[in-house]
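Dear colleague,

I am passing on the structure we spoke about, and would be grateful if you could look it over alongside the notes below.

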Amino acid sequence: MDRKVRVALLSVGSNTILTAGKLATGLAMNSVSVLSEAFHSGTDLLAALIAFVSLRQAAKPADDRHQFGHGKFENIASIIEAFLIVLAAGYILFHAVGKLTHPSPVEALDIGAVVMGISAIVNAGVSHILLNTAKETGSPALAADGWHLRTDVYTSLGVFAGIGAMQITHLTIIDPIAGIAVALLILKAAYELIRDSLYSILDVSLPEEEEEAIRAVLEKFKNDYVEYHALRTRRAGAERHVDLHLVLPSETTVAMGDVLVRRIQEEIEARFPRTSVIIYTEPCSVNCEICKMYCKLTLVNPPEKQISPPRRQERHESRK
């Protein structure tokens, strides 16, 4: 089983147990803040199931219908998960406001504190695993699921603090106020998830630090080409897509150009696994002597023993 799928399955298991425990405790306590946490964990469970299914789909190789792979299944899953969080926040706000206007007693505070404490500890551990795996694999679905649980940690701690405050002050109004605070935190997390997922759906460029790393790879080979342009990048789930135009000396043969392209592709893919790199080659439009000299040197020395041609800046000066 794929590593990301195994981690998603761990999230499904932990959320199933926590949802059942919070629901039973919230009903026994008649606590809107604990019930809101149960509903939140229920949406986390549904989100974990969606992440699990989307990761299995995204792991499939490209086919006739999805010729660029299935990576965007993860982006769609993360958007659905974010909207589930919005629904959870709406539900919590509805019941919390109702309890503000019609307060009712809250019972079994000790049990509620224990359940919220256990929930925070379990979700902290699982979310740490999810977010680390998401960072290592570039998975937006796992990142969304991890942030679900990380938000659950904060809200569980908030409810835990609210229960403690009620034990000290005996003010039941703290319960719906804690529920409203939980809802606001959830809405903030939903906004961030929707924003980040839409970036990938809309083919926003890779982060600047990743593009700089790609340019650094190209810089390593700068003595083997004239220039490059039209560098474009985007994400599709955990996959990256990079394409660019590479200008070669006018006398370069197809075989020589192919060797250079493959070397660049392998270097970029080594830095960023699961990256599709497409490089279009085109000849230099100026038939200058330096380009001719470069090609003669390359023909004498096979690609694996090539003598570096004059630096790109020198070639540009000769073209002037």
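Predicted model: local features only at pLDDT ≥ 70, side-chain atom pairs only at ≥ 80, totals over all residues.

Residues are numbered from 1 along each chain as its sequence is written, and side-chain values use heavy atoms, with hydrogens and water left out.

The protein has 10 helices and 3 strands, taken as DSSP runs (helices H or I, at least four residues; strands E, at least two) and numbered from the N terminus. Of its 320 residues, 47% are buried, that is, under 20% relative accessible area with a 1.4 Å probe and protein chains only, whereas exposed means over 50%.

Helix α7 (residues 208-220) has 13 residues and should span 18 Å at 1.5 Å a residue, which agrees with the 19 Å between its end C-alpha atoms; the expected span is 1.5 Å times one less than the number of residues. Glu210, Glu211, Ala213, Ile214, Val217 and Leu218 of α7 are buried. Seen down the axis, these buried residues fall within an arc of 155 degrees, so they line one face of the helix, the arc being that of the directions from the helix axis to the C-beta atoms. The face turned away from the buried side carries the exposed residues Glu209 and Lys220.

The cover over the buried residues of α7 includes β1 (227-236), β2 (239-248) and α8 (254-271), where contact means heavy atoms within 4.5 Å.

With kind regards
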